[in-house]
Amino acid sequence: MIKKKRGFIAAGFLSTAAALTLVTTPSLFAKGDTQATVSKLEALTKFTKVIGIVEKYYVDDLTINQIINKSIKGLMANLDAHSSFLDAKSFKEMKIQTSGEFGGLGVTVGMRDGALTVIAPLEGTPAYKAGLKAGDIILKIDDKSTLNMTLDEAVNLMRGKPGTKIVLTIVRKNEPKPLVVTIVRDIIKIQSVYTKKVGSDILYVRVVSFDKKVVKDIKKALTANPSAKGLVLDLRNNPGGLLDQAVGTVDLFVDKGVIVSQKGRVKSENETYYAHEKGTQKKIPMVVLVNGGSASASEIVSGSLQDHRRAVIVGEKTFGKGSVQIIMPIDRTEALRLTIARYYLPSGRTIQAVGVTPDIVVPFGKVQVEEDAFALKEAELKEHLKSELAKIDGKKSDKTKTKKPKPDKEKIITKEELNEDNQLKEGVDILRALIITQERK
């Protein structure tokens with residue numbers, strides 16, 4: 001998750017540059033300078049020498065500004081997978097991304113073990129329709145290898161004018177060779193919250209990403225379904241989003257205690273978020289679905305609800321993105337994206353590179369069902385036998401009876417759909433057991 005930081009004094013690098021000009025004066029080391037200061041100046045001296053050597057001897061003629069920019073990029077890339085230097089072009093594109101619509105694929109990516117990895121394709125987007133999956137490794141973007149490519153460089157290559165094509169070479173688990181996928185960029189618009197029902201008593205809420213309306217939409221869904229006896233909160237392939245929406249979502253179901261804390265070296269960035277009793281849905285049983293595409297904000301929600309024993313977490317281990325980035329402008333055109341803290345769940349455990357392990361691990365797949373032609377309800381048996389008799393007699397079965405109205409398929413999850421998604425079916429079965437247990441109490 002990213003927080004923007006305003007009002008940052010852009011003198012940090014300038015003061016370092018000033019120090020570089022001073023280290024050549026021996027008198028700086030006099031009069032009891034501390035060892036820490038000496039070490040710092042020695043390191044800066046070494047850095048200055050390297051820049052001088054590159055400027056003088058490198059095969060290509062580079063300006064001092066180009067050398068410095070490359071140095072900063074290398075530094076940031078070696079800190080962690082999420083810190084980076086935003087030059088004028090990258091900074092401008094980042095502003096476009098965070099302020100409005102843009103042409104892209106609709107996929108969230110991150111660095112895992114040095115490889116550009118799909119965290120999750122967003123539903124309804126070109127990437128989703130093209131079949132990209134969480135865990136896919138992007139080996140090439142068009143004809144460019146992603147090895148040694150920064151995250152920002154990769155994102156900038158994938159973003160582009162709507163209607164233009166991009167070719168991704170994908171390495172996928174259990175596939176014998178890389179897959180080549182062609183995707184047409186489009187304007188990315190996302191509906192973040194979908195609601196359906198399972199039967200008449202279970203509310204299903206799918207959160208695609210944590211945008212600014214998620215808490216409001218979940219509240220609306222709960223209010224519109226007061227008779228719901230249980231809730232399935234589906235956070236699979238949810239790459240994250242806004243911290244306040246993650247905190248607000250947990251606060252809807254937990255009435256007290258820590259939701260999540262944020263800790264870093266700078267005390268001003270340390271913060272703890274607490275639950276409040278007002279408006280809390282304390283009694284409705286919950287199951288939360290997660291997988292390898294659940295990251296950041298969705299890990300805060302699932303992990304916090306797990307620590308509070310407020311929900312049963314079902315599915316697969318989450319991605320493991322639990323660090324906080326802020327945007328620090330260097331000047332009007334350039335900035336740093338810097339990791340300044342990590343998130344910690346109520347129990348004190350971290351998410352970063354660890355993720356959330358479900359209470360019940362269920363790999364995704366279909367439910368194997370053996371069909372039995374005679375496993376019919378009594379009310380359906382007579383009609384079934386009539387149709388079977390018609391096959392023998394060569395007559396049409398009597399279909400004069402009034403047809404039952406069909407439920408709205410957009411709002412009801414059918415038995416067939418449950419059998420296509422064993423994680424959801426397992427979650428629903430667990431939830432029904434929780435409902436029975438609560439009713440007996």
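A residue is called buried when its relative accessible area is under 20%, exposed when that area is over 50%, and partly exposed in between. Keep those cut-offs in mind as you click through this model, which is predicted.

**Stop 1: helix α3**

Select residues 64–79, which make up helix α3. This helix has 16 residues, and from its first C-alpha to its last it reaches 23 Å, close to the 22 Å expected at 1.5 Å a residue. Now show the side chains of I67, I68, N69, I72 and M76: these residues of α3 are buried.

**Stop 2: a patch on the surface**

Next, select V50, V54, Y58 and V59. Together they form a nonpolar patch on the surface, with about 370 Å² of accessible area. One of these residues, V50, belongs to helix α2, which covers residues 35–57. Is V50 buried, partly exposed or exposed? Its relative accessibility is 43%, so V50 counts as partly exposed.

**Stop 3**

Move on to residues 107–112, strand β4, and show β5 with it. The two strands pair in the antiparallel sense, over six bridges. To see one place where they face each other, pick M111: L116 in β5 stands opposite. Strand β5 itself, residues 115–121, is mostly covered, with seven of its seven residues buried.

Two residues lie between the strands of this hairpin. Click on D113, whose place is in the loop between β4 and β5. Its phi is near 55°, a positive value in a residue other than glycine. D113 has a relative accessible area of 81%, and because that is over the 50% cut-off, D113 is exposed.

**Stop 4: another loop with a positive phi**

Jump to D142, in the loop between β6 (137–141) and β7 (144–145). What is the phi of D142 near? It is near 55°, a positive value, and D142 is not a glycine. The relative accessibility of D142 is 36%, so this residue counts as partly exposed.

**Stop 5: helix α6**

Select residues 151–158, helix α6, and display L151, D152, A154 and M158, which are buried. Why do they sit on the same side of α6? They cover an arc of only 160° around the axis, and that puts them on the same side of the helix.

**Stop 6: an open sheet**

Now bring six strands into view: in the order β11-β12-β13-β16-β17-β20, they form an open sheet with mixed pairing. At the edges stand β11 (193–198) and β20 (360–361); each has a single partner strand, so one side of each is left without a neighbour in the sheet.

Inside this sheet, zoom in on β12 (residues 202–207) and β13 (residues 230–234), which run parallel and are joined by five bridges. Select I202 and look across to β13, where its bridge partner is G230.

**Stop 7**

Find R337 in strand β19, residues 335–344. With a relative accessible area of 11%, R337 is buried.

**Stop 8: salt bridges**

Side chains of opposite charge can pair when their charged atoms come close. How many salt bridges does the structure hold? There are 11, and here are some to visit.

- Select E277 and K282, whose closest N and O atoms are 3.9 Å apart in their salt bridge. E277 is exposed, at 55% relative accessible area, while K282 is partly exposed, at 46%.
- Select D429 and K425, whose side chains meet in a salt bridge of 3.1 Å, N to O. Both lie in helix α12 (residues 422–440), four residues apart, which is about one turn of the helix. D429 is partly exposed, with 38% relative accessible area, and K425 is partly exposed too, with 25%.
- Within it, the closest N and O atoms of R236 and D234 are 2.9 Å apart. R236 counts as buried at 9% relative accessibility, and D234 counts as buried at 1%.

Methods:
Residues numbered from 1 in each chain as written. Predicted model: local features only at pLDDT ≥ 70, side-chain atom pairs only at ≥ 80, totals over all residues. Heavy atoms only, no water. Patch = residues over 30% accessible without salt bridge, like charges linked within 9 Å, V, L, I, M, F, W, Y side chains within 5 Å. Areas by Shrake-Rupley, 256 points an atom, 1.4 Å probe, with all protein chains shown as cover. Salt bridge = Lys/Arg side-chain N within 4 Å of Asp/Glu carboxyl O. Buried < 20%, exposed > 50% of the residue type's maximum accessible area, 1.4 Å probe, protein only. Arc of directions from axis to C-beta. Pairing = 2+ DSSP bridges. Expected span 1.5 Å × (residues − 1).
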